[in-house]
Amino acid sequence: MYYYDSTYIYLILGAVITLAASGYLQHTYNKYKFLHNSNGYTGEQVAEMIIRYENLQGVGIGQVAGDLTDHYDPRNKRVCLSGSVYGTATIASAAVAAHECGHAIQHKEGYAPLRFRSALVPYANIGSKLGIPIILLGWFFGLDFPTRSGGVLSVATIGIWVFSLAILFQIITLPVEIDASRRALEVIARENILEGKELGGARKMLIAAALTYVAAAASAVLQLMRLILLNDRRRKR
């Protein structure tokens with residue numbers, strides 16, 4: 001006999017959303033990573049130009065291993081580009097490099113959501129690592145704490161609140177990433193780094209990337225909803 005749990009739909013829906021967004025990004029990236037931009041600018045050169053145009057003093061550029069591992073390191077003020085972006089002169093590499101520079105611009109201007117996300121990192125790490133174990137511990141052993149009001153607070157409920165820190169990080173990431181892409185497209189167009197159809201291709205690339213963050217946040221919220229429903233079901237037994 002198989003146990004049917006109606007909350008499985010949340011897991012399935014989250015997985016479908018995540019896979020669809022990831023597949024669309026990979027499809028879009030594979031299309032534009034082979035299309036060279038007419039100016040012949042590599043990802044490194046695009047980053048160098050934007051750093052100069054935006055007067056991002058002290059911001060460096062480095063190369064990191066992997067594919068689509070590009071990121072901005074605010075602690076070291078470094079735009080980190082993967083090998084497929086750093087040294088290639090494609091539409092995709094220009095878009096990705098500009099996006100990471102968008103984060104550097106945010107950092108320079110003290111963009112509030114970026115500062116909030118950076119401050120949330122250690123708490124989000126705690127939430128992602130300890131939230132689920134605490135919830136399972138509470139469920140398996142039925143641990144509760146008495147409250148001053150005479151009620152009880154379950155360990156599982158505490159675990160859900162801890163796990164929510166990781167969900168909050170996913171949600172606050174959305175405006176940060178979308179704003180970085182907006183800034184990237186503005187500087188690409190203003191400085192004629194890409195033009196015409198190439199600019200349109202970069203826009204499609206960045207939209208596809210943004211959708212993966214939307215999907216990740218949606219999937220995380222669905223997982224949290226499932227945990228809340230399961231916890232409420234157990235409390236009522």
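I take two strands as paired if DSSP finds at least two bridges between them. Helices (H or I, at least four residues) and strands (E, at least two) are DSSP runs, which I number from the N terminus.

I note that this is a predicted model, in which local features need pLDDT of at least 70 and side-chain atom pairs count only at pLDDT 80 or more, while totals for chains, interfaces and linings use all residues. Residues are numbered from 1 along each chain as its sequence is written, and side-chain values use heavy atoms, with hydrogens and water left out.

**Sheet.** I looked up the strand order and found an open, mixed sheet of three strands, β1-β3-β2. β1 (60-64) and β2 are the edge strands with a single partner each, so one side of each has no neighbour in the sheet. I then checked β2 against β3 (residues 78-82): they pair in the antiparallel sense over three bridges. Y72 has V79 in β3 as its bridge partner.

Two or more lining residues come from each of β2 (71-73), α4 (91-109), α5 (112-141), α6 (155-190) and α7 (196-236). I recorded α7 as giving the largest share, five residues.
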